[in-house]
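Please look over the chain shown below before reading on.

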Amino acid sequence: MKDRILKMMESVTSFQALSKKLNISKANLKDQMNELVKENKVYLDNETGFYYLVKTGTIIMNTKGFGFIKTDTIDEDDYYVPDYELNDIYDGDLVTFYVEKGYHEKPFAKIVKVIKRGHEKIIGQIIIKRVKGDPKYYILSNDNKFNVKARVKIKDLGNAVEGTVVIGTLKYLKNSLEASIDQVLGHIDDPGMDISLIALKYGFEAKFSDDVMAEVDKVNTEVLESELKNRVDFTNKTIITIDGDDSKDFDDAVSLKLLDNGNYELGVYIADVSHYVKFDSELDMEAKKRGTSVYLASTVIPMLPHKLSNGICSLNEDVIRLVLACTMEIDLKGNLKSYDIKEGYIKSKHRMTYNKVNQILKGNTTLIEEYNDIYDMILKMNDLAHIIRRRREKKGGIEFEVAEYKIDLNTDGSPKEIKIRTRGDAEMLIEDFMLQANETVSYHLSIMELPCVYRVHEKPDQEKLRNVFTLLSNLGYTNKVSQNDIHPKVIQEALKSIEDETNSFIANQMLLRAMMKAKYTTQNLGHYGLSMQYYSHFTSPIRRYPDLILHRIIKECLLHPTKLNQRLNYYNENLELICVSNSISERKAIECEREVNDMLFAWYMQSHINETYEGMISSVLSFGMFVSLNNGVEGLIHIRNLDGYFVFDEKNLTLTNGTKTYKLGDKIKIVVTASNRNTRQIDFLLEEDYNKLYGVN
């Protein structure tokens, strides 16, 4: 009966109507409703006598004061919460609520109670407020969404003074917050503090616990002779690493030779991190919690301590290192003919960089002479990479052109220069080889019906994708899209067909935004973007926990299945939860990196106020248009700051006033009018509007 009542309450809230619809007596219904109220499944508004279904969700605060509640139900809309409903409610709080329809407004959420606070800690700087001469000390949160201050008692301040950045434990009172200081991080003006605060906001801390470091102290700095037993000796092979100039940890190495039958033998050797990070150890639990290394401008917050990430696990030049190796025979069409996955050990012959390999491939005679012993292998590697890439392209693998930027910092932590990262043959070569190894390992675990952490990219929403193709027709794309599901090859062809540089950038942005987010799961759902049926992350266990778990699965369930049933039971019960956790960690890392870049971009542009730039309209919204500059900076021209009355055309994504229209991809000249590194906001004006406003000829 209760289930029937709850189902009926999705559309009916009146007691009288419920009794009539359910065809039960009012007395019986009253008893049932009282029980549901006690079980917190139904809320009774004593003033109106109406009953409401109780839902559970998480508060997402807006900087303007109102909020939304997001539930865990897939496809359920977020619920609006007006500011007057948010007394003593904060961003991230888990709450129960019900939905009420107002007289003159859309339905909104009314909060019943807080189940769990979203923030146990507060990170921010000490500020002083004086009331009638008496100083009161507070921690002012650095999180714009958790925009609070928590009182600190004078006796608990310790050495903290105004401007000191601290971490505190919160105590929630009826109308205010109190905090006790746990850790002093430094001063707000210390170099790098801006980045550290953003990282801490997302849960990434550079320092490792004493328990973790105690385990690290026991790890050897060199590979012992006893550890080589029962491993394949790869030290006689010509194996090299190829990474960025400033890389410190090397978790992948490669080798290549031509076989007598004309095929290639590609070797991909990945650091055997799982040999040192044992299951359920302090190191393992910390790595699982972090999920990933985070790269923030010139700062790296590693998943593993440096003794491992830069030391014993790193495939450094001319030293013995333990690896998991995937050797693959690939024919001249890029087809995988055979493969082998083994534990082994290597000694890298050269620590190569992308820059050096690119120069060698361009014919730099000095470098060719210096690395004469591997010159021929590098040429063959480049040949094979092109073969692998062509095969992937034929299958429909999509190559989105996404610009990446490197921000160099001054000694005080301020941005010095913004450089665009370029991808040459060397970068693509390593990417192709790693994709090949990832696909091969994923395929093998799948056909063996063993547990696996798949890296999946699901098919995008087809209606959303068709809308993008409609907009692409304005950019010169003329091919018709069939009414069937859109294959990745169609997207690939669209990107190739729009050759104009401006329109190509916009097409990339629009199609990329239409894609689903990649995630980790135990279900083999395939990778839409790569057009691969089997795909996992195997090649970066130093900096990604899913790769580390995959290594452990290979060793425990494939190479050494001595406790197979026990480990299978563990993975059946826990692996999907680990996948979900790692997907969340990855998303946090991406958001953290993006916010750091946004802060540094805004900081950089503070020195360029009133300067003119040429930019491109990268998105058009109801409140204005965003303009991207060549240095990666993106700023907003608010609709209220356009000269004239402009109307937003949602269908065509344009702003028009009848005589003038602004659309995606338009190149325009702008003037930087404001930039705030704290709010991450950069404001532009059209150059012509700026000149009119300030009387510039």
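Two strands are taken to pair if DSSP finds at least two bridges between them, and the helices (H or I, at least four residues) and strands (E, at least two) are DSSP runs that are numbered from the N terminus. The model is predicted, so that local features need pLDDT of at least 70 and side-chain atom pairs count only at pLDDT 80 or more, while totals for chains, interfaces and linings use all residues. Residues are numbered from 1 along each chain as its sequence is written, and side-chain values use heavy atoms, with hydrogens and water left out.

**Overall form**
- The chain has 17 helices and 33 strands, and its C-alpha atoms fill a box of roughly 85 × 75 × 65 Å along the principal axes.
- The radius of gyration, taken over C-alpha atoms, is compared with a globule rule of 2.2 Å times the number of residues to the power 0.38; for 697 residues a compact globule would have a value near 26 Å, and the 29 Å of the chain agrees with this.
- Of the 697 residues, 48% count as buried, where buried means under 20% relative accessible area, exposed means over 50%, and partly exposed lies in between (1.4 Å probe, protein chains only).

**An open sheet**
- Five strands form an open sheet with antiparallel pairing, in the order β5-β4-β3-β6-β7.
- Because β5 (79–81) and β7 (108–116) stand at the edges with a single partner strand each, one side of each is left without a neighbour in the sheet.
- Neighbouring strands of this sheet are turned by 45 degrees against each other on average, direction ignored, with axes being lines fitted to C-alpha atoms and angles running from 0 to 180 degrees between N-to-C directions.
- The antiparallel strands β6 (residues 94–100) and β7 are joined by 7 bridges, and Leu-94 has Lys-116 in β7 as its bridge partner.

**A nonpolar patch**
- Tyr-443, Ile-447 and Met-448 make a nonpolar surface patch of about 260 Å².
- Met-448, which is found in the loop between α11 (425–447) and β24 (454–456), is partly exposed at a relative accessible area of 42%.

Note on methods:
Patch = residues over 30% accessible without salt bridge, like charges linked within 9 Å, V, L, I, M, F, W, Y side chains within 5 Å. Areas by Shrake-Rupley, 256 points an atom, 1.4 Å probe, with all protein chains shown as cover. Salt bridge = Lys/Arg side-chain N within 4 Å of Asp/Glu carboxyl O.
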